[in-house]
Amino acid sequence: MVFIAYCIFYALALVLLNREIVTTTGMLYPRESETREVRSLDGLWNFVKSDITNPTQGMRDKWYLDDLSRVRSTIPMPVPASYNDITTEHAIRDHVGTVWYDRKFFVPNSWSKNQRVWLRFGSVHYEAFVYVNGEMVVRHEMGHLPFEAEISQYVKYGRENRLTVMCDNALIQTTIPQGKITELARDDGVSIVQTYTFDFFNYAGIHRSVHLYTTPMTYIEEIDFNTDLSKNNSVGHVEITNIKIGGSVNNEAASDSLHIRVQLLNKEGIMVANATSKSDMKTSLEIKNVKPWWPYLMHHEPGYLYEMEIFLIDGNTEELRDVYRCKVGVRTLSWNNSSFAINGKSIYFRGFGRHEDSDIRGKGLDLALMTRDFNLLKWIGANAYRTSHYPYSEESMQFADENGIMIIDECPSVDTENYNQALLEKHKSAMEQLIHRDRNHASVIMWSIANEPRTGQLNAGSYFQYVANYTRQLDDTRPVTAAIAVNSADDKAARYLDIISFNRYNGWYSNPGRLDMITKRVIDEATTWHEKHNKPVIMSEYGADTVEGLHLLPSYVWSEEYQTELYSRHFRAFDILRKKSWFIGEFVWNFADFKTAQSVTRVGGNKKGVFTRSRQPKAVAHLLRKRYFALGREVDHCTLLPSDLFTYITDGSSTRSSKHDSTDL
């Protein structure tokens with residue numbers, strides 16, 4: 001009987017229900033306008049680490065009711081930044097559980113008059129409890145995504161205020177991503193240990209900027225739009241499908257008199273289109289002689305953006321209630337079982353998996369580093385990257401829009417396994433928050449619902465069917481993918497995707513050192529995926545760990561020569577596959593070296609980067625640069641090739657074979 005009861009319990013545990021989840025609202029990126037003010041709360045905050053064996057003490061003792069310095073000795077901690085690598089202490093770097101931040105801020109008296117005050121966090125990993133003057137104003141779970149709260153009723157105008165944040169980095173089997181908390185014996189007692197299977201360090205803290213901002217009492221809360229092109233890409237269309245209005249205490253938002261006026265400005269500031277909505281807050285714009293948004297190297301002016309100005313008007317009085325501005329890239333996407341196209345032109349993706357990771361600040365937002373990364377992406381000729389394995393900062397999404405870099409936008413589901421109802425609902429929530437934040441970015445061309453999930457498990461099929469269908473329900477203008485590492489015979493999820501992405505490390509994890517066991521295996525596996533599902537295929541990860549400066553001839557694993565030769569063997573496979581239209585892209589793992597949990601297989605982290613962690617090129621970067629620009633010339637007919645792509649050797653007057661320049665591409 002016990003066995004039968006266990007079987008029934010196990011069977012019921014495998015049943016997944018497609019329940020509705022709570023959707024987010026608001027979250028417009030903080031921008032100043034005639035009706036809005038924005039202030040940054042970035043800087044040095046006070047920081048306290050909870051005792052690892054007593055993580056809830058701060059909540060029980062109500063640390064949020066007073067300055068943290070009155071309950072514990074504090075240290076300064078920069079925001080935004082991960083807290084792990086700031087100090088020299090093992091206990092902070094490897095801390096599991098809760099930490100506390102606080103700081104003081106002033107709110108001017110002028111903000112108390114006919115407007116709302118908002119507090120917005122770009123990201124806190126993983127769970128956050130936020131208090132203003134001792135009152136909890138918001139709780140949020142899901143690192144890498146923003147959250148906000150109206151704090152008008154909690155702040156003291158014209159006086160000093162206290163902001164307190166408790167951050168919990170613990171990952172369990174129902175968080176996104178998953179992890180486990182265990183107890184292990186140590187020399188002097190018991191240690192609480194966080195384990196996880198994903199291969200990057202679980203950095204934690206207030207990772208992105210914190211803002212105070214104001215809106216009018218009646219304000220523009222959400223904007224949702226789609227773009228399209230017609231008449232051979234000469235006419236652009238911007239369809240505003242939803243503008244949600246937040247109302248005042250007098251419920252002005254419900255008044256039929258409210259409407260919006262929208263105008264679109266080109267880069268020279270000239271208005272090229274305008275429209276007025278009715279009370280349904282929907283309208284459309286038509287742009288003649290439009291300049292479409294094109295990816296890098298596909299056009300001489302990639303990443304073209306218009307500025308959209310949205311004015312909220314009271315029709316009875318013609319009073320201006322609110323103004324919000326955002327960037328718009330006009331483009332259209334299409335895909336079928338053998339291709340992916342932007343603005344009607346087929347795309348071949350060449351790019352990277354990446355990480356938000358750097359020395360000292362961890363995953364904290366660093367605008368200098370972000371600018372360097374985009375310079376390197378353009379230097380090497382990439383046209384795309386995947387936000388492996390979590391949403392990147394909003395600022396990086398804006399940078400991608402402006403630079404014409406396409407993004408496969410990935411949610412934080414990594415190595416997903418042990419599928420259950422609670423996990424499914426968290427996963428769907430992660431996708432909802434991601435799409436809610438990024439749906440208006442021209443650079444986002446695909447949604448990735450997971451990286452290397454355990455899709456061979458029993459109920460993986462129904463689980464990912466729910467997640468994929470929910471993603472399409474939220475946005476059907478972009479295809480759905482996931483980076484799959486399970487072989488095609490065992491996988492149960494790919495059938496529910498629009499585009500198949502697969503990760504495989506031939507010559508590294510499979511047959512390490514064997515460069516002669518790469519090309520055919522890549523071709524065979526890609527072909528098998530397509531033949532099984534009749535969908536476009538991308539190789540979303542390949543690579544080899546490489547220690548900068550290690551040179552061995554003949555090549556040997558971990559050397560720069562081996563990384564270069566391994567890439568070259570993959571290039572051969574890709575060029576054979578490219579002749580079949582259904583193979584649409586190649587993504588290197590990884591853009592730059594990054595930190596991982598401590599392991600005997602990781603010397604200071606994962607070394608698969610084309611660039612070092614300090615963003616300097618390894619030898620393979622120069623090889624990859626030649627390939628990516630060669631593909632730009634061949635596939636996209638790009639003629640703007642860098643003058644330094646080839647190093648001068650000889651003028652080639654005596655023998656054609658000695659010449660090395662752009663004609664060799």
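This section describes the domains, nonpolar cores, interface and backbone features of a predicted model.

The chain is divided into domain 1, which comprises residues 24–169 together with 204–216, domain 2, spanning 219–328, and domain 3, spanning 343–636. Taken over C-alpha atoms, the centres of domain 1 and domain 3 are separated by 33 Å. To the contact between these two domains, domain 1 and domain 3 contribute 25 residues each.

On the side of domain 1, Thr-24, Leu-145 and Arg-208 account for 27% of the area buried against domain 3, more than any other three residues. Four salt bridges are found across this interface.

In soluble globular proteins, nonpolar side chains tend to be buried together. In the present model, the largest nonpolar core contains 93 residues, of which Phe-352, Val-610 and Leu-624 touch the most other members. Helix 9, formed by residues 560–578, gives the most to this core, supplying seven residues. Both domain 1 and domain 3 are represented in the core, with at least three residues drawn from each.

Val-522 counts as buried because its relative accessibility is 1%, below the cut-off of 20%. When neighbours within four places in sequence are left aside, the contacts of Val-522 are Phe-502, Asn-506, Met-539, His-570, Ala-573, Phe-574 and Leu-577. By contrast, Glu-301 stands 221 residues from Val-522 along the chain, and the C-alpha atoms of the two residues are 35 Å apart.

Two cis peptide bonds were examined. One joins Ile-176 and Pro-177, with omega at about 5°. Pro-177 is placed in the loop that connects strand 10 (160–168) with strand 11 (180–186). Another joins Leu-553 and Pro-554, for which omega is likewise about 5°. Pro-554 belongs to the loop between strand 31 (537–541) and helix 9.

Positive phi values in residues other than glycine were also considered. Met-27 has phi near 75° and is situated in the loop between helix 1 (2–13) and strand 1 (38–40). Because its relative accessibility is 14%, Met-27 counts as buried. For His-637, phi is near 55°, again a positive value in a residue other than glycine. His-637 lies in the segment that follows helix 10 (619–636). With a relative accessibility of 59%, His-637 therefore counts as exposed, the cut-off for exposure being over 50%.

Technical notes: Residues numbered from 1 in each chain as written. Predicted model: local features only at pLDDT ≥ 70, side-chain atom pairs only at ≥ 80, totals over all residues. Heavy atoms only, no water. Core = buried A, V, L, I, M, F, W, Y, C linked by side-chain atoms within 4.5 Å. Buried < 20%, exposed > 50% of the residue type's maximum accessible area, 1.4 Å probe, protein only. Helix = DSSP H or I, 4+ residues; strand = E, 2+ residues; numbered from the N terminus. Domains from an automatic or database assignment. Contact = heavy atoms within 4.5 Å. Buried area = accessible area lost by both parts, 1.4 Å probe. Salt bridge = Lys/Arg side-chain N within 4 Å of Asp/Glu carboxyl O.
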